[in-house]
Amino acid sequence: MKNEWILILGAGSAIAIATARRFAREGYNIYLASRNLEELNIEAGHQKIKYKINTKALYFDALDYDSHPAFYADLENKPVGVILAFGMLGEQEEAQKNFSAAKKIIDTNYTGAVSIFEIIAGDFEDRKKGFMAGISSVAGDRGRQSNYIYGSAKAGFSAYLSGLRHRLYKSGVSVLTVKPGFVDTKMTAKLDLPEKLTAKPEEAAERIYKAIQKNKNTIYIKPVWALIMLIIIHLPEFIFKKTKL
Ligand SMILES: NC(=O)c1ccc[n+]([C@@H]2O[C@H](COP(=O)([O-])OP(=O)(O)OC[C@H]3O[C@@H](n4cnc5c(N)ncnc54)[C@H](OP(=O)(O)O)[C@@H]3O)[C@@H](O)[C@H]2O)c1
C-alpha cells in the first residue's frame, strides 16, 4: 500500500467515483469529500475492502467558503493530488429569471472551486509537488443560449485553471483541465445524448488518470470533442447566432 492520499472533491459524482476507484486500484488512499456523507461512507467502505487501501469520507460544501481553510487544515495526511469534480448544471431558463438560481450555478462551478483550490495550491506550491485536476466543461469554450450561465462559470474555471497551471509550473505542480463533453451521469440523466459522443464514467476516469500520469494540460474525454469544439469556436458569429445550439 502506498502511503499517499488523493483528495476527491464532489466525490458523489459518477465521474469522481470512477476516478477515485482508478487511483485506489493503484494503491493510493482516498479522501472522498462531498455533502452526502451517508453515500460517501458506503463508497469509502467499498474501496477500502476492494483495493485494500485507507479511505475517509469527509463533509465538504463548495458553497461554504468560510469552512474551506479548516477543511483542508484538518486533513491528517496532506494529499499528493486533488481532483475537483463538483459542479452544477442547473436550469438555464430558471437562471435567466431568478438571479439567486444563476448565482448558485456560478458559485458552485466557479467561486467555490477558486476558494478551495487557492488553499490547496498554496500548500502544494510550498511542498513543491502534487497535481491538481479540475473538471470544467466544453460549455465554457463558447457561450451558447441553451446553457450560458453554467457555460460562463465553467469558462471562468477553465481560465482560472490555465492561470493556476502557469503559476505552479515553476514549483513542479501540475494542473489538468478536464473538458468532458457528454458523460453518462446523473447530471445528464434527463438529456437525450448521442451515444457516440457520450462517455461512460469509467472511460472518463481512465483518461483523467492517464492524463495526470503524463502531466497533460487540457484534455477532452472523447478526443472527437476537441474537433467539435474547434469547429464551434471558429464558427463566425453571424452564423453561430442563427444556430439552435
Ligand atoms: N456529465 C457530463 O456530461 C458533464 C459534462 C461536462 C462537465 N461535467 C462536469 O463534471 C463534473 C462531475 O459531474 P457529473 O456529471 O458527475 O455530475 P453529478 O453526478 O451531478 O455530480 C456533481 C457533483 O457535484 C456535487 N456538488 C454540487 N454542489 C456541491 C456543493 N455545493 N458542495 C459539494 N459538492 C457539490 C454533487 O454532490 P451531491 O451528491 O451532494 O449533490 C455531485 O456529487 C461537474 O463539475 C460537471 O459540471 C459533466
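Select Ile17, Ala20, Arg21, Ala24 and Arg25 in α1, then Glu43, His46, Gln47 and Tyr51 in α2; these two sets meet, contact meaning heavy atoms within 4.5 Å. By class, this contact has 4 nonpolar, 2 polar and 3 charged residues. Here Ala, Val, Leu, Ile, Met, Phe, Trp, Tyr, Cys and Pro count as nonpolar, Asp, Glu, Lys and Arg as charged, and the others, Gly among them, as polar.

The model is predicted: local features need pLDDT of at least 70 and side-chain atom pairs count only at pLDDT 80 or more, while totals for chains, interfaces and linings use all residues. Residues are numbered from 1 along each chain as its sequence is written, and side-chain values use heavy atoms, with hydrogens and water left out.

Now show the whole of α1 (residues 14-25) and α2 (residues 37-51). Helices are DSSP runs of H or I with at least four residues, numbered from the N terminus. The axes of α1 and α2 come within 10 Å and cross at roughly 25°; axes are lines fitted to C-alpha atoms over the stretch in contact, and angles run from 0 to 180 degrees between N-to-C directions. α1 and α2 are therefore roughly parallel, the term for angles under 35 degrees. Their crossing is right-handed, that is, the near helix is turned clockwise from the far one by less than a right angle.

The crossing of α1 and α7 is right-handed. Residues to pick in α1 include Ala14, Ile15 and Phe23, and among their partners in α7 are Ala204, Ile208 and Ile212. This contact divides into 10 nonpolar, 2 polar and 4 charged residues.

Next, select α5 (residues 99-127) and α6 (residues 148-168). They pack at about 10° with their axes 8 Å apart, which makes α5 roughly parallel to α6. The contact of α5 with α6 divides into 16 nonpolar, 3 polar and 4 charged residues.

Last, go to the ligand. Which residues are closest? Of the 28 residues that surround the ligand, the closest are Ser13, Arg35, Tyr150, Val183 and Thr185, a residue being counted if one of its heavy atoms lies within 4 Å.

- Arg35: 2.8 Å from a side-chain N or O atom.
- Tyr150: 2.7 Å from a polar side-chain atom.
- Thr185: 2.5 Å from a polar side-chain atom.

How values were computed
Parallel < 35°, antiparallel > 145°, perpendicular 65-115°, else oblique. Polar contact = N/O pair within 3.5 Å; in protein donor to acceptor, adjacent residues only side chain to side chain.
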